[in-house]
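Trainee: Before I plan anything around this protein, could we go through its interior together, one question at a time?

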Amino acid sequence: GFLSARAMVTSMGLACRLLAIFAAVGRMYAEETSEYESIISRFESVAFYEPFDDSEAPRWSNAAGYDGKYMIGNGSSKLQIEGEQGLILPEPAKRYGVSTLLENEFYFQNQEFVFQYEVRLHQFLQCGGAYVKLLRGGEGFSPESLTDSTPYTIMFGPDKCGNSNKVHFILQFQNPVTKEWVEHHLKNPPGIMQDRETHLYTLALRRNNTFGIFIDTKLAAKGSLLSDFEPPINPPKYINDPADTKPLDWVDEKEIPDPDAEKPKDWDETQSQMIPDPKATKPEGWVDDAALQIPDPGAVRPADWDDEEDGQFQPLIIDNPACKVGCGEWKPPQIPNPLYKGKWSAP
């Protein structure tokens with residue numbers, strides 16, 4: 001194991017309903033039901049479970065640095081489960097930072113880990129996130145002090161803004177040698193669901209250092225925790241020697257122009273790349289001295305036309321009917337010059 005989580009935070013910028021289950025279990029399942037009931041008893045080991053059914057004494061706190069304030073409620077008259085509630089972000093274009101403390105630190109050691117929650121967008125998403133962070137273990141954190149830079153262990157969930165449309169999966173991992181904390185992003189995250197239905201996002205971490213991301217219980221992405229992130233958690237076996245220097249006699253160019261090469265005597269650099277086609281002939285019916293457009297010979301000056309008020313009458317300009325084949329100076333089409341070689345350079 002190499003991760004620990006101390007607090008759970010939702011940091012979102014849109015209105016949605018969130019239901020979170022944070023459990024260390026080997027298997028999770030769902031059943032269809034028309035009535036709300038707590039499912040906490042169905043799991044052998046649950047580190048965190050939130051049904052949002054106690055609006056009188058909520059355990060979630062708004063962070064002081066965010067302008068959005070959450071609500072607890074059903075959020076919609078179209079409930080799929082009678083009586084269920086969620087955490088609602090009621091105002092668009094607001095930044096929300098909502099968090100709560102776990103009762104105990106959770107250590108990812110030799111056990112499978114599943115984290116899942118439901119999201120329903122009340123409005124079509126233009127720019128915002130509905131992701132969750134599991135904050136890093138340690139002392140000194142209070143929910144009210146949450147900021148964007150608060151250290152975390154896992155960041156997971158949907159996010160969309162501009163061309164970015166993905167389910168985040170980011171790890172903050174401490175290098176055991178350098179002790180530096182590094183942020184590792186999943187290379188190929190799946191896209192999010194953008195309709196107004198409720199969707200279940202699930203992250204599963206396994207003992208063999210693999211992971212799976214599920215949307216509505218269907219596998220959306222899978223891979224290795226060690227190699228499918230950028231940068232990879234496991235560093236490369238070999239790296240460039242930082243103390244090495246380039247030898248003074250090192251030559252970067254693999255090939256050079258042949259110093260003994262000479263331009264062939266028949267090489268003509270004056271030849272053009274394209275030339276007039278010597279076989280082309282002027283089409284029959286081509287008129288050399290006619291304009292492509294002429295004043296309309298059939299135009300008639302209106303009877304009420306006044307030169308002083310309307311200006312000098314001028315007929316409309318029309319295509320010259322004599323130019324059906326072509327008019328003006330005829331030039332043959334250009335073709336590639338068979339004698340063209342271009343500027344000579346040594347091989």
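Trainee: How many cavities of 30 Å³ or more does the structure hold, and about how much space lies in the largest cavity?

Mentor: Bear in mind that we are reading a predicted model. The structure holds one cavity of 30 Å³ or more, and the space in the largest cavity comes to about 70 Å³.

Trainee: Which element gives the most residues to the lining of the largest cavity?

Mentor: The lining of the largest cavity has 14 residues, and those closest to its centre are Val119, Leu121, Pro158, Met193 and Tyr201. Two or more lining residues come from each of strand S8 (113–121), strand S9 (127–136), strand S10 (152–161) and strand S13 (198–205). The element that gives the most, with three residues, is S9.

Trainee: Why is S10 largely enclosed by the rest of the structure?

Mentor: Buried here means under 20% relative accessible area. S10 is largely enclosed because, of its ten residues, the number that are buried is nine.

Trainee: Which residue in S10 is the bridge partner of lysine 133?

Mentor: S9 and S10 run antiparallel and are joined by seven bridges. In S10, the residue that partners lysine 133 is methionine 155.

Trainee: And in S11, which residue is the bridge partner of aspartate 159?

Mentor: S10 also pairs with strand S11 (residues 164–174), in the antiparallel sense and over eight bridges. The two strands form a hairpin with two residues between them, and glycine 162 in the turn has a positive phi of about 65°. The partner of aspartate 159 in S11 is lysine 166.

Trainee: Which element provides the largest share of the largest nonpolar core?

Mentor: The largest nonpolar core has 29 residues, and among those with the most contacts inside it are Phe113, Ile154, Phe156 and Phe169. Two or more residues come from each of S8, S9, S10, S11, S13 and strand S14 (210–215). The largest share, five residues, comes from S8.

Trainee: Leaving aside neighbours within four places in sequence, which residues are in contact with phenylalanine 169?

Mentor: Phe169 is one of the residues with the most contacts inside the largest nonpolar core. Once its neighbours within four places in sequence are left aside, phenylalanine 169 is in contact with Ile154, Met155, His184, His185, Leu186, Leu203, Leu205, Phe211, Ile213, Leu225 and Phe229.

Key: Residues numbered from 1 in each chain as written. Predicted model: local features only at pLDDT ≥ 70, side-chain atom pairs only at ≥ 80, totals over all residues. Heavy atoms only, no water. 1 Å grid on protein atoms, 1.4 Å probe; cavity = no way out; pocket = protein on both sides within 12 Å on 5 of 7 lines; lining within 4 Å. Points joined across faces, edges and corners; volume = space filled by probe spheres on them. Helix = DSSP H or I, 4+ residues; strand = E, 2+ residues; numbered from the N terminus. Buried < 20%, exposed > 50% of the residue type's maximum accessible area, 1.4 Å probe, protein only. Pairing = 2+ DSSP bridges. Core = buried A, V, L, I, M, F, W, Y, C linked by side-chain atoms within 4.5 Å. Contact = heavy atoms within 4.5 Å.
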